[in-house]
Amino acid sequence: MSLTSPIPVLRGSGGAVLQSEGEDLVLSRTDVETRIPLQAVRRIRAEGGTVAVELTAPAGTPPAVHRVDGVSEAAATVFADAVNATLPERADEAGETADGSALVTVRASSESQKAIESQQDRGTRVLRRWVGAVALLTVVLTVAVWIAAPAIIALPILVTLPLGATATTLGIMGLKIARDEWYLPRKGITVEAVRHENMTDLFGKTGNYVYTDMHGQSRAVYSQKRAEVIQVAYHPQNPGNVVVCQSSLHRSVRAVVCAGIFLFGLAVDLLVVGLAIGAFLGLYDNYGATAG
């Protein structure tokens, strides 16, 4: 009877875990779990403290590679040798080869769901604090102007201040997205992202996608598209900064609309400031008498 060493479980940096489960390799990270069938694997490479899972790819197409860094060199060698020995034989490596990426499945891990829920909670708290701050400022400024000037001058502040703050905030957020939509597809790295229905965004909408960055780490991105596969672009130094690739028309419309919203909010904010300054300087003291 021959004894064989069990395939080790590799634990890498960032909480990554790579292990063999039957006919699959399972790569677990904090956000997603990637399941790679052995028939999609061309070979496993042990490169010091890094293990690279190279997938099969058609001739002339660079293969996709999933990497796990920071593992034990000894364990990496044993893992690579053991898994390579179990890979299915391929009669003609030079012939037509299937795309192994199409066989890989990715789903949100339980840790990812917790992280998303935590992000939603943080976003909700920030939103509540911002709304509370604007509401408090609106009340304080309205009362102050009411005391310093005729009541009719204070009433517009009660409406225009929240409107201006909201429009300015939305405009700034939209302009940042518009900037990234123009910059990242040209200067960043463009990859494909696969749709996964079981992930949600900050507002609870479904339809998130998962992409793999240059380091082999899977990341989530939200899009309202309904395609199974979309293209996304991310920043090389910050792979988490990602946008969905859009047409030039879509990007131009977003930039114009967001700029308009921002300018509108800024104009309203300046109007509120002008009303308040005028009230405190006594410019409207005779307004009631004149109107009467």
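This is a predicted model: local features need pLDDT of at least 70, side-chain atom pairs count only at pLDDT 80 or more; totals for chains, interfaces and linings use all residues.
Residues are numbered from 1 along each chain as its sequence is written, and side-chain values use heavy atoms, with hydrogens and water left out.

Start with the whole chain. It has 292 residues, and 37% of them are buried. Buried means under 20% relative accessible area, exposed over 50%, and partly exposed in between (1.4 Å probe, protein chains only). The chain holds five helices and 13 strands. Now look at contacts, meaning heavy atoms within 4.5 Å. Among those between residues at least 6 apart in sequence, 57% join residues at least 24 apart.

Next, find a sheet. Three strands form an open sheet in the order β5-β6-β7, with antiparallel pairing. Its edge strands are β5 (41-47) and β7 (65-68), each pairing on one side only. From one strand to the next, the twist averages 15°. Two strands pair if DSSP finds at least two bridges between them. Strand β6 (residues 50-55) pairs with β7 over four bridges, in the antiparallel sense. Within β7, V68 is the bridge partner of V51.

A helix comes next. Helix α1 (residues 73-86) lies across β5 and β6 and runs at about 160° to β5. Axes are lines fitted to C-alpha atoms, for helices over the stretch in contact, and angles run from 0 to 180 degrees between N-to-C directions.

Now turn to the rings. How many aromatic pairs does a search of the whole structure find? It finds one. The ring centres of Y211 and Y234 are 5.7 Å apart and the planes stand at 25°, so the pair is stacked. Rings of Phe, Tyr and Trp (its six-membered ring) pair if their centres lie within 6.5 Å; planes under 30 degrees apart count as stacked, over 60 as edge-to-face, and the rest as tilted. Y211 sits in strand β10 (residues 206-212) and Y234 in strand β12 (residues 229-234), so the pair links distant parts of the chain, 23 residues apart. Y211 is buried, with a relative accessible area of 1%. Y234 is buried too, with a relative accessible area of 1%.

Technical notes:
Helices (H or I, at least four residues) and strands (E, at least two) are DSSP runs, numbered from the N terminus.
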